Amino acid sequence: NLTSGIGGKITQANIYHVISGLTDMNNIIQPLAVPRLFLAPSSVDLSGATIELVDRPDRNDYLRRAIAPIVNDYDFILIDCPPSLGVLTLNGLAAANEVIIPLQCEYFALEGLSLIIQTIGLVQKSINPNLKISGILLTMFDARTRLSQEVVRQVTEYFKDKVFKT
């Protein structure tokens, strides 16, 4: 939902069409109301890529190839990945240099954190050896609950300076 959440317009051509080879990244990038902030929009079409890419031997490199022509045109390229550990997330991890892991302050999120850490380790070994974890961004913290406080304590104890101060 980043496209609509950040004020982008859902256009006919989007990141799905780039990954599918139907257009180039330069053709979909749109400026936003914030100066120097641009967006390559997505839409529900992208869910189709999951099915289309799953059996291809080079399925994890589509996004990396798609952004290669524009990677030096921007100071940062933020890749918003789905919360699942499917082919789209693997494409994001293969194309990235660093990962920021958003983590909700709830019990089940801790289980998900261990899975994403394992997945990042596998990606580092097999697809993208330069990938590193920049940090963990704690979200949806509720100071009134012991659970939120316990999640913060456990994550900070284990990851120390990798937890962003927010």
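User: In this predicted model, what makes a residue count as buried, partly exposed or exposed?

Analyst: Buried means under 20% relative accessible area, exposed means over 50%, and partly exposed covers the values in between.

User: Why is Asp142 called partly exposed?

Analyst: Its relative accessibility is 24%.

User: Which class does Arg144 fall into?

Analyst: Arg144 has 75% relative accessibility. The limit for exposed is over 50%, and therefore Arg144 counts as exposed.

User: How do you know that Arg144 and Asp142 meet in a salt bridge?

Analyst: Their side chains meet at 2.9 Å, N to O. A salt bridge requires a side-chain nitrogen of Lys or Arg within 4 Å of a carboxyl oxygen of Asp or Glu, so the pair qualifies.

User: What makes the pair Arg65 and Asp58 a salt bridge?

Analyst: The N to O distance is 3.3 Å, and the cut-off is within 4 Å. Arg65 is partly exposed at 42% relative accessible area, and Asp58 is partly exposed at 30%.

User: Why are Glu157 and Arg153 said to be separated by about one helical turn?

Analyst: They are four residues apart in helix 7 (residues 146–159).

User: Why is helix 3 called roughly perpendicular to helix 5?

Analyst: The axes of helix 3 (residues 46–53) and helix 5 (residues 87–95) cross at roughly 90 degrees. Angles of 65 to 115 degrees count as roughly perpendicular, so helix 3 is roughly perpendicular to helix 5.

Terms used:
Residues numbered from 1 in each chain as written. Predicted model: local features only at pLDDT ≥ 70, side-chain atom pairs only at ≥ 80, totals over all residues. Heavy atoms only, no water. Axes fitted to C-alpha atoms, helices over the stretch in contact; angles between N-to-C directions. Helix = DSSP H or I, 4+ residues; strand = E, 2+ residues; numbered from the N terminus. Parallel < 35°, antiparallel > 145°, perpendicular 65-115°, else oblique. Buried < 20%, exposed > 50% of the residue type's maximum accessible area, 1.4 Å probe, protein only.
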